[in-house]
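Please study the structure before reading each solution.

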There are 2 protein chains.
Amino acid sequence: MFKKVLIIGCGLIGSSILKAINSKKLSKETFVLEKSKKNISKIKKNKSNCRFVKSINSKIYDVDLVIICTPMSQYKKIIEKLNKILKASCIITDVGSTKKNIIKLKNKFLNKKLDWISSHPIAGSEVSGPEYGNKNLFLNKWCVIIKEKRQNLKKTNLLIKFWKKIGSKVVLMNPVIHDKIFSITSHLPHLIAYNLMKTAQDSQKIQRKNLIQYSAGGLRDFSRIAASNEVMWRDIFFNNDNIIKAINLFTKNLNSFKKIIQNKNNKKLLTRLINSKKVRTQIVQLKQDVAKPDFGRE
Amino acid sequence: MFKKVLIIGCGLIGSSILKAINSKKLSKETFVLEKSKKNISKIKKNKSNCRFVKSINSKIYDVDLVIICTPMSQYKKIIEKLNKILKASCIITDVGSTKKNIIKLKNKFLNKKLDWISSHPIAGSEVSGPEYGNKNLFLNKWCVIIKEKRQNLKKTNLLIKFWKKIGSKVVLMNPVIHDKIFSITSHLPHLIAYNLMKTAQDSQKIQRKNLIQYSAGGLRDFSRIAASNEVMWRDIFFNNDNIIKAINLFTKNLNSFKKIIQNKNNKKLLTRLINSKKVRTQIVQLKQDVAKPDFGRE
């Protein structure tokens, strides 16, 4: 499919893409640019088929596809380097979780002769690092590809084909809608989980009780989500301005929830709980999760 | 261990206790009082060894242990009936999730010659009903037994022994501390999950987009918790007055989280995310969850 692919940043997502490329034979040669020595030795242990490069330099001027898998805060620096070496036929993509600001950034700084078509595979975990890399990470998961007004159609179709080959279900979205949707389905839930952990820690100090040992009743499940990589999530919270609106809506609902409880409004509370349960049914129907009940750790 | 046990309310928890009693041979005879015909036929399908009774009546005056597994809102009615028939040697317990109000209720209404020692097994799931009953539901899970100032020591010890035999780790707590701890580790997380579902539903209406289909990025995990039984959770939210304090602390933290994002305070945000991640490490160390990462549905 490609002669030469370059993966910049090889953590959980980058290494999973690398493994998927190798497994599906999607590139004759795959280059990896990874700054962390620890990660490099982990990738070597994995015996992934790739060649390491130390910087974005003229040796890799003729790559066909660049996939940027670093935290988003590094994109600007990377763009400046890519501008100097890449040939016009190359496709650049990224896997960042917010899109409006990425598109703005690349439209401002990327050399006009180059094509960056942004991707967002909805896959991952609370763990990071190439030791968790998995060729099936993207299997049957959504991959959003960003559609701009002017965009190279041939390259877009090639990128769609690439994500499909590694198992994704592809959907095209404009960056503004992307950021709105994922502010609710992903960014707000993570922020809420982090906030719940802080609240539990504060309560533990106030109560002077080791309450976390009794966390099996709910706190446990949120703690997993709140264990996600902090640099990635800092970048997301700073780059999706819809998160403030999402927090405001959440707070408004929380205040009315509180009032219902304080007023012991039986009917309103039951209605609210029954309605909220419907999301679960939808999620299972939409195959976003399995119906199998969870009884805790095994 | 007992001659006759009576289980009142035989959903997920009641049927799991029934199966555990049968499996460990903890009672010569076990009676089940269950109002739902559907549930009765499910229990019969399970082939659990038990005898069904239709009401609290003189036929079961000589039971040694009564375990109340109904929603808490039914306790008062049950107490009035138990008062009329039970003999003084009996132990009454319940599995309710809040304790201060239960203790108040039983101290006000239960016949003084009877002993009610309250239990709270920290086990369950988002599903309800006897079809999910499991003899191992309590295995290695906490069971809180409520300690009051005046309490029959012999009966308390027998109840401790009972929960240990069906696999629980027992801890004694006073009802006020119980309610404080579980307002944070269980009740607040559930309320937050319900609130997140409502916020997603509201956003879906505002955005006019089917965003729930992209819920794999975080919403999915909360939806499971927000699928729990509404009657049980109404009773919990109405009966644990610490929940209001917990909501207030959560809101305070959420407001400061919002400000950190709005001010793009890099250092404060990273510190907050890193600190919140520590809860996960503690939870895994305390064996409340396994460390195995989650990559979504299989």
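The C-alpha centres of domain 1 and domain 2 of chain A are 31 Å apart, with domain bounds taken from an automatic or database domain assignment. The model is predicted: local features need pLDDT of at least 70, side-chain atom pairs count only at pLDDT 80 or more, and totals for chains, interfaces and linings use all residues. Residues are numbered from 1 along each chain as its sequence is written, while chains are lettered from A and ligands numbered from 1 in the order in which they are written.

**Exercise 1.** Determine which residues the two domains of chain A span, and how many are in contact.

*Solution.* Step 1: domain 1 covers 2-173 and domain 2 covers 177-285. Step 2: two residues are in contact if their C-beta atoms, placed from the backbone, lie within 7 Å. Step 3: on this basis, 14 residues of domain 1 of chain A touch 15 residues of domain 2 of chain A.

**Exercise 2.** State how many residues chain A and chain B each give to their contact, and which element of chain A gives the largest share.

*Solution.* Step 1: chain A gives 88 residues and chain B gives 88 residues. Step 2: helices (H or I, at least four residues) are DSSP runs, numbered from the N terminus. Step 3: α6(A) supplies the largest share of the chain A side, 23 residues.

**Exercise 3.** Decide whether B:Q204 is buried, partly exposed or exposed.

*Solution.* Step 1: a residue is buried if 20 or more other C-beta atoms, placed from the backbone, lie within 10 Å of its own, exposed if 12 or fewer, and partly exposed in between. Step 2: B:Q204 has 18 other C-beta atoms within 10 Å, so B:Q204 is partly exposed.

Methods
Helix = DSSP H or I, 4+ residues; strand = E, 2+ residues; numbered from the N terminus.
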